[in-house]
Amino acid sequence: MGLGGGVIMVPYMTIFLGMDIKDAVPVSMIAIVVGTLSASTPYLKKSMVDTELVVILSIFMVIGSVIGSLLNEVVSSAILQLIFSAVVLYAGTMMILKRGDGRAAIHRDHGKIYFYLAAIISLITGIFAALVGLGGGIFIIPILYLLFGISIDTARGTSSLTIGFAAAAAAIVYLFKGQLDPQAAAPVMLGVAAGGTAGGHLGTGARPVVVKIIFFIIMLYIAYKLGISGIKNL
Amino acid sequence: MTPANSNSNNNLIKYHQLIWYLCMAYLAVTCLLLVTSPPLGSEMSFWGVVFVLAATLSQLFVMASDFRVSGKRKFTLLCYVLIAVIIFTTSLGTWLL
């Protein structure tokens, strides 16, 4: 799906395994890095990645993700869950409502405005993604699709590679801070490495409309679960 | 920007495939050791995390190489900028705490 997997991992670890979101986030981050390494290959092979956009988005997402990692110390788990819930619900609704598909990539003729827009949006995305323990795909894909008019396939492929760098930067900070438990991360990384490749192959063959429906269902479920969890923790 | 990679990413594709195989093998052994020999498994887990992070950053050198081959100098430079940004922001992030 190009989401990175945080959208599944964080709720799974917090809701089903009973981990605190602040412990689950660092593990999720390193798993996202593995996931992007695994899932990007099929997208690259099918020319579904705008590598130039990847570099631009990554630069600002990395800066944002480190800011987010620092803010993670001062923002409460309940607030994180509620923010996450609201953003996911909004993005999911917008995606399912949009008709048609977009371009294969952002072209040169769109000029500097797109560059600045991409820079600002990827910075904000990086902050939010790190705060809620996601790779940022859940935000980047709707933005590329809804705002930039890129096709859902290219948006997923581009997101798949982009989020790895931001997640890696955040994971390095967590590792240095001693918040990342490698023992907890190892089995998660193994599963994600296997699942990421399988998902990448399945994802490149899926029809856009099917992808959007799956996207919406996942987002709706996650928004509900985290919204309830956030309210309970207030 | 040009349309979604007009496939000048052959090196990147090969690199991803190689890293995936290495990752799977290393993590499979690590998980086995976490059950049979926890202290060694724990040590290997840490280096597994370091390996994954290093592989991700090395990916940027491969991307820069692909851009250079395609004659996209600006994006080659931006890859190195991204490496610098990652090093700077993570150092800053760690130092601030």
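Axes are lines fitted to C-alpha atoms, for helices over the stretch in contact, and angles run from 0 to 180 degrees between N-to-C directions. Helices (H or I, at least four residues) are DSSP runs, numbered from the N terminus. This is a predicted model, in which local features need pLDDT of at least 70 and side-chain atom pairs count only at pLDDT 80 or more, while totals for chains, interfaces and linings use all residues. Residues are numbered from 1 along each chain as its sequence is written, chains are lettered from A and ligands numbered from 1 in the order in which they are written, and side-chain values use heavy atoms, with hydrogens and water left out.

**View 1. Helices α6 and α7 of chain A.** Helix α6 (residues 137–147) and helix α7 (residues 152–177) of chain A pack at about 145°, and their axes are 9 Å apart. Their crossing is right-handed (the near helix is turned clockwise from the far one by less than a right angle). Contact (heavy atoms within 4.5 Å) involves A:G137, A:I140, A:I141, A:L144 and A:Y145 on α6(A), and A:I152, A:A155, A:R156, A:T158, A:S159 and A:I163 on α7(A). By class, these are seven nonpolar, three polar and one charged residues (Ala, Val, Leu, Ile, Met, Phe, Trp, Tyr, Cys and Pro count as nonpolar, Asp, Glu, Lys and Arg as charged, and the others, Gly among them, as polar).

**View 2. Helices α2 and α3 of chain B.** The axes of α2 (residues 38–69) and α3 (residues 73–95) of chain B come within 8 Å and cross at roughly 165°. The two helices are therefore roughly antiparallel to each other (angles over 145 degrees). The crossing of α2(B) and α3(B) is left-handed (anticlockwise in place of clockwise). Residues of α2(B) in the contact include B:L57, B:F61 and B:F67, and those of α3(B) include B:F75, B:Y80 and B:I86. The classes here are twelve nonpolar, one polar and one charged.

**View 3. Helix α2 of chain A against helix α1 of chain B.** Helix α2 (residues 21–45) of chain A and helix α1 (residues 10–36) of chain B pack at about 145° with axes 9 Å apart. α2(A) passes α1(B) in a left-handed crossing. Among the residues in contact are A:L37, A:T41 and A:K45 of α2(A), and B:H16 and B:W20 of α1(B). The contact has six nonpolar, six polar and one charged residues.

View 4. In chain A, 53 residues are in contact with 49 residues of chain B. The area buried between the chains (accessible area, 1.4 Å probe, lost on putting them together, summed over both) is about 4,500 Å², and carbon and sulfur atoms give 79% of it. A:L37, A:E52 and A:F165 supply 16% of the area that chain A buries against chain B, more than any other three residues. Side chains of opposite charge can pair when their charged atoms come close. A:E52 forms a salt bridge with B:K72, with the closest N and O atoms 2.8 Å apart (a side-chain nitrogen of Lys or Arg within 4 Å of a carboxyl oxygen of Asp or Glu). A:E52 lies in helix α3 (residues 51–71) of chain A and B:K72 in the loop between α2 and α3 of chain B, so the pair joins two chains.

Note on methods
Parallel < 35°, antiparallel > 145°, perpendicular 65-115°, else oblique. Buried area = accessible area lost by both parts, 1.4 Å probe.
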